[in-house]
Structures are given as C-alpha cells and as structure tokens.
Amino acid sequence: MTTAPTRRDRRISPVFLGIAAVMAVSGWAVWTEFSASTGLAVFLFVTSAWVVSLCLHEYAHARTALHGGDISVGARGYLTLNPLKYTHPLLSIVLPVLFVVMGGIGLPGGAVYIERGRVRGRWRHSLISAAGPLTNVLFALVCTAPFWLNATDGVPDPFLYALGFLALLQVTAAMLNFLPVPGLDGYGVIEPWLSYTVRRQVEPLAPFGLLLVFALLWIPEVGGVFFDAVDAVLRGLGVDDWRTGLEYYRFWDGDPDPARVSP
C-alpha cells in the first residue's frame, strides 16, 4: 500500500546538490574568467544548469501530481530531484544533454511516471502536464532577467553569452513541450478534454510524437518558422545574440575571439 511521502522521500538528493554545485562553481569561473579556457567553463556552467532545469521540470510534474492526489511519487523518489530516479534517465537526462552538445536545442526530456488514476478532475490532469514546461518558462525568465531589466552593466560578456544560450535551451524546450503532439506535455494538457474515442485513437502515436516533431523540424520551411519564433521570443526578452554563447559552449572548436564578439 502506497503511503504519503515521508521526510526522507522529500530530502534533496546529493546527486542534485552535486550538479548544482558544479553549476555554481563553473558560473563563478565564467564570471571571474578564472578558468584557463572560458569555453570550458561556459560548457560546464550551461550543461549543469541545463540538467538542473531538467530536474526541476520533472520535479514540477511530480509535485503537482502529489497535490493532485498521486502520493506514489514520493516512494518513487521523484521529490528528491534525483535524476537517477526517473523512469528513463537516458531519455530524461542523457539525450537532452547530447542534443545540446550536438546542435544546441533544448530537447524535451521525459519522464516521471504519474498514476493518473489517483488524480481526480480534468483541470488537475492538465496542470500536472503543464507544470513541467512552465518551469522552463520560469527558468528562461530568470536567465534573461539581466537583459529585460537592463541590468547588464558590469556583467562580463562571456557570462551574458552563456545566459543567452541557456535561455535558448529553455525557450526551445518550452515551445516543443507545449506542442499538442501525443507524447509531449502539450498534448497532456488537452488530453483530459478530448473524448474517449479520440484518446484511444491517438494513444498508439504517443511513443513516436517526439520523433515526428524532429522529422518536421528537418523540413527547412517548418524548421525556419520554428526558429524564427524562437528568435522572436528571445529578442522580446532582450537577448539578441545566443549564437556566440553556443560558440563559447563548443569550446573544442576554440574559444571565440573576444575582440570579435565584444559589443
């Protein structure tokens, strides 16, 4: 019999604390330019911050499900922010990080298992699905705060570029996750409001939803519209240049020339 989460079930995992510590130390190294390679420091900072955001994304799903009636999330370890407790750590952490390294896009992670039968009410089901990408939206707002608050004076350029690139990852993750495609959170938001017949017909497509999205993004016209929308959102948040952040991040290609990238 599943019981309500105990204090141990809610204790923050040392694994998550270690990742957060890497984010803090590498962020300090980028700010102070302490590292011999600024690009390496940016890589560690952005990667660890991206993993932290993935953990918070899944935690938001689990915490909202807990308040919605699914007390099983505690026993599964989802409230500890430990990424090793996820249903598919490969899909939730490894693949999203790999996609960032390869191409600089925020891949939606997945998944914590929610016992939907314990949750009552369509609005609660929708909120559980929306909680994850809304966390990415909040993370993007935090990353871009220096830009839209006009508070960039005194902030080192490499740190601003790193924040801009990190913001790109959050925006792309949120936009992809909110697509109403089976298997993504956006579909989970609308699913409770669909008829039983429609849900049964769409259910077999869920494992292939993300693959379908990426196949569509490979079409130049579709991908162009998507990334134009991403750029528009980032410009609205004050970020005009995330590509230099990507150049720093890919330090194996060589750090960018400061004289070339400085505003």
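Arg11 counts as exposed, since its relative accessibility is 51%, and this arginine sits in the loop between helix H1 (7–10) and helix H2 (14–32). The structure is a predicted model. A search of the whole structure finds five salt bridges, and a network of such bridges links Asp70, Arg76, Glu115 and Arg118. The surface carries a patch of positive charge and a nonpolar patch of about 720 Å², while helix H6 contains a kink of about 35°.

**Positive charge on the surface**

- Arg11 belongs to a patch of positive charge on the surface, where it gathers with Arg7, Arg8 and Lys85.
- The exposed state of Arg11 follows from its relative accessibility of 51%, because exposed means over 50% relative accessible area.

**The salt-bridge network**

- Side chains of opposite charge can pair when their charged atoms come close.
- Asp70 and Arg118 form a salt bridge in which the closest N and O atoms are 3.8 Å apart.
- Asp70 counts as buried because its relative accessibility is 0%, whereas Arg118 counts as partly exposed at 31% relative accessibility.
- Glu115 pairs with Arg76 in a salt bridge, and the closest N and O atoms there are 3.1 Å apart. Distant parts of the chain are linked by this pair too, as Glu115 lies in the loop between H5 and H6 and Arg76 lies in the loop between H4 and H5, 39 residues apart.
- Arg76 has a relative accessibility of 28% and therefore counts as partly exposed.
- Arg118 also forms a salt bridge with Glu115, with the closest N and O atoms 2.5 Å apart.
- Taken as a group, Asp70, Arg76, Glu115 and Arg118 are linked in a network of salt bridges.

**Helix H6 and the residues that follow**

- Helix H6 spans residues 122–148 and has a kink of about 35° at Ala131, shortly before the proline Pro133.
- After H6 comes Asn150, whose phi is positive and near 55°.
- Asn150 has this positive phi although it is not a glycine, and its place is in the loop between H6 and H7.
- With a relative accessibility of 68%, Asn150 counts as exposed.

**The nonpolar surface patch**

- Eight residues need to be located here: Leu134, Val137, Leu138, Leu141, Val142, Trp148, Leu149 and Phe178 make a nonpolar surface patch of about 720 Å².
- Leu149, one of the patch members, is found in the loop between H6 and helix H7 (157–177).
- The relative accessible area of Leu149 is 51%, so this leucine is exposed.

**Buried positions and distances along the chain**

- Leu169 lies in helix H7 and counts as buried because its relative accessibility is 0%. The C-alpha atoms of Leu169 and Asn136 are separated by 8.8 Å, and the two residues are 33 residues apart along the chain.
- Gly27 is a residue of helix H2, and its relative accessible area of 7% makes it buried. Between the C-alpha atoms of Gly27 and Ala75, which are 48 residues apart along the chain, there is a separation of 33 Å.
- Val112 is placed in the loop between H5 and H6. With a relative accessible area of 12%, Val112 is buried. The C-alpha atoms of Val112 and Tyr161 are separated by 32 Å, and these residues are 49 residues apart along the chain.

- Glu33 is in the loop between H2 and H3.
- Although Glu33 is not a glycine, its phi is positive, at about 55°.

Methods. Residues numbered from 1 in each chain as written. Predicted model: local features only at pLDDT ≥ 70, side-chain atom pairs only at ≥ 80, totals over all residues. Heavy atoms only, no water. Bend = angle between axes of the 7 residues up to and from the residue. Helix = DSSP H or I, 4+ residues; strand = E, 2+ residues; numbered from the N terminus. Patch = residues over 30% accessible without salt bridge, like charges linked within 9 Å, V, L, I, M, F, W, Y side chains within 5 Å. Areas by Shrake-Rupley, 256 points an atom, 1.4 Å probe, with all protein chains shown as cover. Salt bridge = Lys/Arg side-chain N within 4 Å of Asp/Glu carboxyl O. Lys, Arg positive; Asp, Glu negative; His and termini not counted. Charge placed at Lys NZ, Arg CZ, Asp CG, Glu CD. Buried < 20%, exposed > 50% of the residue type's maximum accessible area, 1.4 Å probe, protein only.
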